[in-house]
Amino acid sequence: MSHWCLLLVVLLLSSTLRAEELELIRVTSQKDVNIFTFAETIQIDDYLLETSPTSLISSSLQATEGLVSSQNGGPGGRVSFFIRGTESRHVSFTLDGLKINDPSNTDRQFDSAFMTSAFIKGVLLHKGPQAVLFGSDAMGGTVEMITRKGESPGQTRFSLNGGSFGTIDSSLSRDWSSGSNRGTFTVTRFHTDGISRLNRKRFKAKEKDSADITQLTSSSNHQWQSRVESDLLVSYLRGKNEFDTFGMDDSYDRSANDQLVLQQKTRFKLSESSSVSLRNGYTGHRRFIKSLSVGNETYQGDLLQHEFLYRRSFEESEVLAGLATDREGSESTAVDQSFLLHSVFLQGSQQVRSLKFQAGARLDGHSRYGGFGTGSTGVSFAPGPDTFSLQYSQGYKAPSLYQLYGPPIFGTPLGNEKLRPERNNSWEVSWRREFQKVGTSVTLFQNQLTNLITFSNLGYLNQGKFTSQGVDGSVKFRQDAWEVSSTFTHQKFIDERSPVLRRPLNYGSVALAWFYDESLESSIRYRFFDSRKDLDLTGKMVKLSGFEAVEVGMKKTFADTDLGVQVLNIFNRDYEELYGYSVMPRSVFLHFGRKFQ
């Protein structure tokens, strides 16, 4: 399929190069979730990322409304995110549109523990299935990370953060331009002495587990002529951390994680209303583990992606069509396999006065276990400042290579080549209002998850099922120098064939910000989570107590300098996000940022 994509692009390019040159116009063949669907989207902008007192992207995501997170004990520990009751493995992550979920782990979940944010311009969190646009893994939602590409030519940004537990991190970014080419080069270094991964109350753990991260990234845009442009992304990350074999403090287990991202994306403007793009990308993950429990082990995962997109705009409508091929590979002592996934998809939207309709479908063919399809449809009505919408979406997650081919352990089979994709049939009804100084939203949602892959004494099987349903809402009010915002989610789980773990029935936050002037602000944020179910060391069901946490912060910006301070968990609550692991106690972090021309 990728050869056909390349042939189509070459033909289209040849006709484009023969055409008359037009004025320089940005080409727009891309996936815009908010144009093609009615999914709720939460945005983290560049200001919040630049002034964060830590460069870890997981810190910004953990503070995002509508996300439930759990981390294996402080910075460097694995971070999992849950959206509207779905599993953490059902969240897809992309970097400039390129999938970066990790094929080397058991369920192809992306671990954001080591990803830094200095090269990120913005983050978009899309709630609900996005399978038509993003394919497998986008079963519960998608997190899009967008890189900087020389938006401020000649500017150099330096950031220095530090604080509790021997934490210090710095980053240096340079925006450059040369003719019609521009880009950003970023280097980030992070270190923390850390805390013990294990919960001190349960295991009397004292030994600190450190983490070190180095990340180099270059992201650039090249305008070859008025109708042709391309992006180039190269990112290398090296993360190292200590961890504890479960229940054993001072075990000095270690892990090293290498991540490599390469992408070349070219876009062609065919006319004022149509364009095409070709993406060729690679993501590679290498994990080296030294542990008392498994000895020395290396895990390797690779994903090679080719995607062709065609987008056409009409007076009141948009159409996006695409072809894609993914080659996923995983190699370790246990598994050395790969598969191909071919896809074709079509998504469209139509505006009729105050009404807007959308519909889409995707067909996938898997080289190991056949074909399957997903779709979405919806309607919205916006008579004024109010917007009402109804959305139905299907999501899926193809089995990972480990789930398909994992070898027997102590006579117990693991892999199952007859596994089917996990499924989600999702409904949501929303009301949003943006009026003067008040913004509100309320969404009723239901996720019907079936074919869930679980592990039993017969290995991996499609035997899980449950329905997550509930409501989430948010309110933001701004009056003069004050801003108040709050979020709340209530969900319940029915038709459970197995316990739903680590997801509370109720959670939310309240935040108050005070703007002394345009350059100085202070804030306080309160978060609360209900109790949750989890499993202990023996596999017995346990109940994790609900918890509350408060954090305060202050930011001061000058013409070219910004300063900040943040105090987390100011009441020093000792709670668990998952059984047996620590959370950060009271901690203080400072931020200094400077821009040079």
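**Exercise 1.** In this predicted model, find what joins the side chains of Lys 127 and Asp 472, and say which strands hold them.

*Solution.* 
- Check the N to O distance: it is 3.6 Å.
- Apply the cut-off: a salt bridge needs such a pair within 4 Å. Lys 127 and Asp 472 therefore meet in a salt bridge.
- Lys 127 sits in strand β6 (residues 120-127), Asp 472 in strand β23 (residues 459-479), so the pair ties together parts 345 residues apart in sequence.
- Check burial: Lys 127 and Asp 472 are both buried.

**Exercise 2.** Are Arg 84 and Glu 40 buried or exposed, and where does each lie?

*Solution.* 
- Start with the contact. Arg 84 and Glu 40 form a salt bridge, with 3.0 Å between the closest N and O atoms.
- Locate both. Arg 84 is in the loop between β3 (79-83) and β4 (91-95) and Glu 40 in the loop between α2 (33-36) and β1 (41-44), so this bridge links parts 44 residues apart in sequence.
- Use the cut-off: buried means under 20% relative accessible area. Arg 84 has 3% relative accessibility, so it is buried. Glu 40 has 6%, so it is buried too.

**Exercise 3.** Describe the salt bridge of Lys 397 with Asp 137, then name the residues of the network built from shared partners.

*Solution.* 
- The closest N and O atoms of Lys 397 and Asp 137 are 2.5 Å apart.
- Lys 397 lies in strand β20 (residues 386-397) and Asp 137 in the loop between α5 (131-134) and β7 (141-147), so parts 260 residues apart in sequence are tied together.
- Both Lys 397 and Asp 137 are buried.
- The network joins Glu 40, Arg 84, Lys 127, Glu 428 and Asp 472.

Conventions. Residues are numbered from 1 along each chain as its sequence is written. This is a predicted model: local features need pLDDT of at least 70, side-chain atom pairs count only at pLDDT 80 or more; totals for chains, interfaces and linings use all residues. Side-chain values use heavy atoms; hydrogens and water are left out. Helices (H or I, at least four residues) and strands (E, at least two) are DSSP runs, numbered from the N terminus. Buried means under 20% relative accessible area, exposed over 50%, partly exposed in between (1.4 Å probe, protein chains only).
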